[in-house]
Amino acid sequence: MRWPLRLAFVLTCALAVATAITGRAFAHAALIAASPADGAVVTNAPAVLTLSFSEPVSPLILKLIGPDSTSRTLDRFVLKDRTLMIEAPAELSAGTHVLSWRVISEDGHPVGGAVVFSVGAPSGQSPTPETRTDPAVRATLWLGKVGLYLGLLMGLGGAAFATWVGPLPRDARRPLGLFILLGSAALPLALAAQGLDILDRSLGSLGEADVWSAAAASSFGRTALAAAVAFLLGMASLAVRGRMGPVFAGAALLTVGVALAASGHASAASPQWLMRSAVFVHAVSVSAWAGALVPLFFALREADAITVLRQFSRWIPVVVGLTLLSGGILAVVQLEQPGALISTGYGWVLLIKLAWVAILLGLAAINRYRLTPLVLSRTGIAAKTMRRMIAAETLLVFLVLGTVATWRFTPPPRALLDAAAPPASVHIHTAKAMADIRISPGRAGPASISISLLDGEFGPLTVKEVRCVMSNPSAGVEPIERQAVRSSDGAWHVDSLVIPIGGRWTIELEILVSDFEMIRLGETVEIKP
């Protein structure tokens, strides 16, 4: 059984590196609208260029390439919610222009693209934006992720063995320390690669201060900080004797959950309270399960193996159950529909991961329900067989982590669906007030509403409260009422909204101007299935 697993390990690593090198670095955010639109021909040069995204973003690089291929940096812009309004250079010449953009999404991953538009008429030869993909950066991203996962899950999870199972075997301390050192070394590598990817730089820019600043300012910077704290706690747990060792180890295990919930595709999904909680539980339970393998391997060679194995067997079903439950929640939200398993790169990575997990669960079941009773009855050969099985499980964990690291290069299907379904928008204008309402995405399912208010003469409108009511009487759907919340940019937002079905919906706004005046606005909007 060893050589097939070794071959599979080599093939998975090769696949992961190939994906990291050749694949585009997709992120969670997606461009859903632009003005001028991509491919548009406008009569007059626009004064403002707008880009609307599927989730909040932060601009990194904005350039406008003119018909003569001259590139100008655009540094005058305003970010309102998910829309980036960029001041266009004065007196744009006739011909084709390319708006090249690069932003960082809420999950900490950068994404870039270009919008092509023409003033007057298209040029004879269209300008092309500079594109550069450094294969070394892609490979470094993957290697940094794998090393970080091994340190967090195998190293710190192994140290936590002393918290929920029993004292760490003496021989296990050295390999666990090496895992923690590996993760500590991989952390700055992963952080640097994140900065290079954000700014679209090559490995030659590794020592530049703005690369590290960009990485630290992203959501991955929070993950790196929490991971650094976790590694310090883990090393302290191995160095300290007595009761404080397990305390430090338990704190490190919880910090692993905090670190992995701080950034990433899954943590940025809605509803965030559910997704971040699921990531936290998944990270902690996987770390406790995977990390226990090395200490258990060495414990089976010691005299008190029976006590350790009995304690491990008592709690491992709970740990595995939490792993499967939280992982199922994350998969359902990220996929959104079963067909995405075979129609998207993200789905194929998930299928490969599930294949490894299925084999891992099979080996774990044999250990738990067949070999454990034999070991507890002091059958010597059973302990040796279990140690071989644990070694195979450890190899499978490596395969799982190597596969999971490739998710850095694949967008989740829910993000693809958001990009394919542009926002549904409606404009309401009355003598007293007008409202621009945008529902993102414009399809059934989880959605958010952005509302911009002005008075009837395009002036500011001071408002105390805004309530949004959506109804679809023809489909038998009762009115859905939500209180809007005002953001720092002056717009009103509704985030906790689920539109059950597509169709023509009526949307009404109850705008409380003062204690004695309320304005009601209403219109219909088409929601896609």
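These are my notebook entries on a predicted model, from the overall make-up down to single residues.

**Ground rules.** I number residues from 1 along each chain as its sequence is written, and my side-chain values use heavy atoms, with hydrogens and water left out. The model is predicted, and I ask for pLDDT of at least 70 for local features and 80 or more for side-chain atom pairs, while totals for chains, interfaces and linings use all residues.

**Overall.** I looked up the secondary structure and found 14 helices and 18 strands. Helices (H or I, at least four residues) and strands (E, at least two) are DSSP runs, numbered from the N terminus. The protein has 529 residues, and 52% of them count as buried. Buried means under 20% relative accessible area, exposed over 50%, and partly exposed in between, with a 1.4 Å probe and protein chains only. I then turned to contacts, meaning heavy atoms within 4.5 Å. Of those between residues at least 6 apart in sequence, 68% join residues at least 24 apart.

**Cores.** A nonpolar core here is a set of buried Ala, Val, Leu, Ile, Met, Phe, Trp, Tyr and Cys residues joined through side-chain atoms within 4.5 Å. The largest one has 102 residues, and Leu-152, Leu-156, Trp-164, Phe-231, Leu-260 and Val-375 have the most contacts inside it. Another core, of 32 residues, lies apart from it, with Ile-449, Ile-451, Ala-484 and Ile-507 among its members.

**Helix α7.** Leu-260 is one of the buried residues of α7, which also include Gly-245, Ala-249, Val-256 and Ala-261. Which helices do the buried residues of α7 pack against? I found α2 (135–159), α3 (161–164), α6 (219–239) and α8 (272–291). I also checked the length of α7 (residues 244–261): its 18 residues should span 26 Å at 1.5 Å a residue, and its end C-alpha atoms are 26 Å apart, so the two agree. The expected span is 1.5 Å times one less than the number of residues.

**α2 against α4.** Helices α2 and α4 (residues 173–199) pack at an angle of about 145°, with their axes 7 Å apart. Axes are lines fitted to C-alpha atoms, for helices over the stretch in contact, and angles run from 0 to 180 degrees between N-to-C directions. The residues of this contact divide into 17 nonpolar, eight polar and two charged. In that count, Ala, Val, Leu, Ile, Met, Phe, Trp, Tyr, Cys and Pro are nonpolar, Asp, Glu, Lys and Arg are charged, and the others, Gly among them, are polar.

**Thr-394.** Buried or exposed, I wondered about Thr-394? Thr-394 is buried, at 12% relative accessible area, and sits in helix α13 (residues 380–404). Setting aside neighbours within four places in sequence, I see Thr-394 in contact with Met-154 and Leu-293.

**Loops.** Ser-69 lies in the loop between β4 (57–65) and β5 (71–73). Asp-200 lies in the loop between α4 and α5 (209–217), and is partly exposed at 22% relative accessible area.

My last stop was Glu-302, in the loop between α9 (293–299) and α10 (305–335). Glu-302 is partly exposed at 31% relative accessibility. Glu-302 and Asp-171 are 131 residues apart in sequence, yet 10.0 Å apart in space, C-alpha to C-alpha. Beyond neighbours within four places in sequence, Glu-302 is in contact with Pro-169 and Arg-170.
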